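Hi,

Here is the structure I said I would pass on.

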Amino acid sequence: QVQLTESGGGLVQAGGSLRLSCAATGGTIRTYAVGWSRQGPGKDRELVAGINGSGVSRIVIDSVKGRFTVSRDDDKNLVWLQMDNLKPEDTAVYSCAAEPGGALWWTRLQSHQENDYWGQGTQVTVSS
């Protein structure tokens, strides 16, 4: 069973950048869609970005469009979330999860709010 581990979070000033990594162990993420979600203090989990199994389809939500980019390298079993021009409202714990490929991959990722579906996450704090 594939397990995912996030890393790369930290404290950054507004306008700064971070690159989060989602590393897969125990199997390959090839053909799996991978999503990045975040949960800020006192907020519901929000799916912010995702990439399908082939890497051709990438989705980011409007609030991070133009600032966040998702990419993958299946040979390295890694998925990244590049975050630029960070804002204080981006402060959250960021987690990744994988879904089997298919046309409804984004919808299936969105349907999962439960913490045990998403990884433990990495904290991103953006100071003003």
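Gly35 stands opposite Gly50 in S5, and in S9 the bridge partner of Gly35 is Ala97. Both neighbours run antiparallel to S4: the pairing with S5 covers 5 bridges, and the pairing with S9 covers 8 bridges. For the bookkeeping, strands are DSSP runs of E with at least two residues, helices are runs of H or I with at least four, and both are numbered from the N terminus. Two strands count as paired if DSSP finds at least two bridges between them.

Before I go on, this is a predicted model, where local features need pLDDT of at least 70, side-chain atom pairs count only at pLDDT 80 or more, and totals for chains, interfaces and linings use all residues. Residues are numbered from 1 along each chain as its sequence is written, and side-chain values use heavy atoms, with hydrogens and water left out.

Back to S4, which is mostly covered, with 6 of its 8 residues buried (under 20% relative accessible area with a 1.4 Å probe, protein chains only; exposed is over 50%, partly exposed in between). S4 and S5 also form a hairpin with 6 residues between them. In that turn, Gly42 has a positive phi of about 70 degrees.

Now the sheets. S4 sits in an open sheet of 6 strands with mixed pairing, in the order S2-S10-S9-S4-S5-S6. Its edge strands are S2 (10–13) and S6 (58–60), each pairing on one side only. The twist in this sheet averages 25 degrees from one strand to the next (axes are lines fitted to C-alpha atoms, for helices over the stretch in contact, and angles run from 0 to 180 degrees between N-to-C directions). Out at S6, the antiparallel pairing with S5 covers 3 bridges, and Ile51 stands opposite Arg58.

There is also an open sheet of 4 strands, antiparallel, in the order S1-S3-S8-S7. S1 (3–7) and S7 are at its edges with a single partner strand each, so one side of each has no neighbour in the sheet. Here the twist averages 20 degrees from one strand to the next. S1 and S3 pair over 5 bridges, and Thr5 faces Ala23 across that pair.

Last, the overall picture. The protein has 1 helix and 10 strands, in the pattern β-β-β-β-β-β-β-β-β-α-β along the sequence. The radius of gyration is 13 Å, close to the 14 Å from the globule rule for 128 residues, so the protein is as compact as a globular protein of that length (taken over C-alpha atoms; the rule is 2.2 Å times the number of residues to the power 0.38). Buried residues make up 46% of the 128. Among contacts with a separation of 6 or more, 61% link residues 24 or more positions apart.

Cheers

Technical notes: Contact means heavy atoms within 4.5 Å.
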